[in-house]
Amino acid sequence: MSESHDRPCALVTGATSGIGAAFAHRLAQEGFDLILHGRRQQALTDRAKNLESMYGTSVEIIIAELSRGDEIRKVEERISSLDRLDLLINNAGYWEPGLFWEHAPDCLEAMIMVHNVAPVRFIRAALPRMLERDKGDIINVSSAGAYFNMVTLENYGATKAYLISFTESLHVALMGTAIRVQALTPGLTVTEFHSRLGADFTKEQRTWMHPEEVVQESLRALGKGRVVCIPGLRRRAIVKLASMLPRFVYYRVMKSIGEKVKRRWDEIEKNKRLPSRQMHLPAESSG
Ligand SMILES: NC(=O)c1ccc[n+]([C@@H]2O[C@H](COP(=O)([O-])OP(=O)(O)OC[C@H]3O[C@@H](n4cnc5c(N)ncnc54)[C@H](OP(=O)(O)O)[C@@H]3O)[C@@H](O)[C@H]2O)c1
């Protein structure tokens, strides 16, 4: 990407598909130059070319497996080298079905690397320049799962809850500057998040949000200075309701819903060819 000083620049992690791709599309439309991160080189290259030809935006791509420290540092070094970064979106993420003790310890650690270590290091790399310019926005894509201590969300939900707490603390620390931060907590959204695990939720997806709607709500909330954005009225109501339940009732509800989800995923796993447990083990190298 050629660094032009008059166009804003945004870096989006996990921009190959879903919410990250929708952010990339929307920001290109709004005149941003982009640095897009992902793991699938071809898909990301195609997306970059498409955005360049549609909007005349300049797009750089970075391929990195964010469960690996050396690959996280590749992105981090690029961020540190930037003269300007107007918007950093930590979006890359995934979920794996199964109970905490069924996952390999390395898989559990890999998720913490992707959801927490990478965003922390990227924000730490971006902030000095943002503070110098007194300009910059940061969006951390968490999940509504952060609010629900549901069976199968033990590690995932905790990594996403970390992002909310971290973002709110950053907001407090940055008050008095022009830097805005947001924790975005989408609920079920039609992306490759579930389909890449071999699930077909075509029927259920009729009630899910679309990534463009999530992006729309996030950017609108950022404009209004909202620190935590839960897209969708119904989802906001569910989160609120869950927080009002007596804790012992809440735990039972989480157990019961989570077990239903688990049974559904056990069925999906039985029927598919690829063993998903191996999908997110740190890869040797991804280019
Ligand atoms: N969809 C939902 O229902 C939902 C709900 C709540 C929260 N979220 C959150 O939304 C964010 C975006 O997910 P999505 O729904 O848009 O799913 P998606 O379509 O599967 O996109 C996930 C993105 O993250 C990247 N990614 C995944 N694992 C990675 C790793 N180990 N290292 C580097 N990059 C990795 C993927 O890269 P490649 O494709 O190149 O591998 C892809 O670009 C995630 O943080 C997710 O937790 C999603």
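This is a predicted model: local features need pLDDT of at least 70, side-chain atom pairs count only at pLDDT 80 or more; totals for chains, interfaces and linings use all residues.

Me: Is T159 buried, partly exposed or exposed?
Reply: Count the C-beta atoms around T159: 24 others lie within 10 Å. The cut-off for burial is 20 or more. T159 is therefore buried.

Me: Which helix holds T159, and which residues does T159 contact beyond its neighbours within four places in sequence?
Reply: T159 sits in helix α5. Set aside the neighbours within four places in sequence, and the contacts of T159 are M111, I112, H115 and N116.

Me: How far is T159 from S142, C-alpha to C-alpha?
Reply: Along the chain, T159 and S142 are 17 residues apart.

Me: How are α4 and α5 oriented to each other, roughly parallel or roughly antiparallel?
Reply: The axes of α4 and α5 lie 10 Å apart, and the packing angle is about 10°. An angle under 35 degrees counts as roughly parallel. Therefore α4 and α5 are roughly parallel.

Me: Which residues of α4 and of α5 make that contact?
Reply: From α5 come N155, Y156, T159, K160, Y162 and L163. The α4 side consists of L108, M111, I112, H115, N116 and P119.

Me: How many residues of each class are in the contact of α4 with α5?
Reply: The contact of α4 with α5 includes one charged residue and four polar ones. The nonpolar residues in it number seven.

Me: Where is E109, and is E109 buried or partly exposed?
Reply: E109 belongs to helix α4. E109 has 15 C-beta neighbours inside 10 Å. Burial needs 20 or more, and 12 or fewer means exposed. E109 therefore counts as partly exposed.

Me: What separates the C-alpha atoms of E109 and S67?
Reply: E109 and S67 are 42 residues apart along the chain. The separation of their C-alpha atoms is 8.0 Å.

Me: Which residues does L36 contact beyond four places in sequence?
Reply: L36 is among the core residues with the most contacts. Leaving aside neighbours within four places in sequence, its partners are V12, A15, A24, L44, R47, A48, V59 and I61.

Me: Where is L184, and is L184 buried or exposed?
Reply: L184 lies in strand β6, residues 180-184. Its contacts outside four places in sequence are I139, N140, V141, S142, S218 and C229.

Me: What is the C-alpha separation of L184 and V214?
Reply: L184 and V214 are 30 residues apart along the chain. Their C-alpha atoms are separated by 8.7 Å.

Me: What is the phi of T152, and is T152 buried or exposed?
Reply: T152 is in the loop between β5 and α5. Its phi is positive, about 85°, although T152 is not a glycine. Most residues other than glycine have a negative phi. With 23 other C-beta atoms within 10 Å, T152 is buried.

Me: What is the phi of D134, and is D134 buried or exposed?
Reply: D134 is in the loop between α4 and β5. Its phi is near 50°, a positive value in a residue other than glycine. With 10 other C-beta atoms within 10 Å, D134 is exposed.

Me: How far apart are I257 and T152 in space?
Reply: I257 is in helix α9 and is partly exposed, with 14 other C-beta atoms within 10 Å. In sequence, I257 and T152 are 105 residues apart. C-alpha to C-alpha, the distance is 10 Å.

Me: Which helix supplies the largest share of the shell around the ligand?
Reply: The ligand is surrounded by 29 residues, the closest being G14, G18, G93, T191 and F193. Both α1 and α6 supply at least two residues of the shell. The largest share, three residues, comes from α1.

Me: How do the shell residues around the ligand divide by class?
Reply: Five of the shell residues are charged and 11 are nonpolar. The polar residues number 13.

Methods. Residues are numbered from 1 along each chain as its sequence is written. A nonpolar core is a set of buried Ala, Val, Leu, Ile, Met, Phe, Trp, Tyr and Cys residues joined through C-beta atoms within 7 Å. Two residues are in contact if their C-beta atoms, placed from the backbone, lie within 7 Å. Axes are lines fitted to C-alpha atoms, for helices over the stretch in contact, and angles run from 0 to 180 degrees between N-to-C directions. Helices (H or I, at least four residues) and strands (E, at least two) are DSSP runs, numbered from the N terminus. Angles under 35 degrees count as roughly parallel, over 145 as roughly antiparallel, 65 to 115 as roughly perpendicular and the rest as oblique. Ala, Val, Leu, Ile, Met, Phe, Trp, Tyr, Cys and Pro count as nonpolar, Asp, Glu, Lys and Arg as charged, and the others, Gly among them, as polar. A residue is near a molecule or strand if its C-beta atom, placed from the backbone, lies within 6 Å of it.
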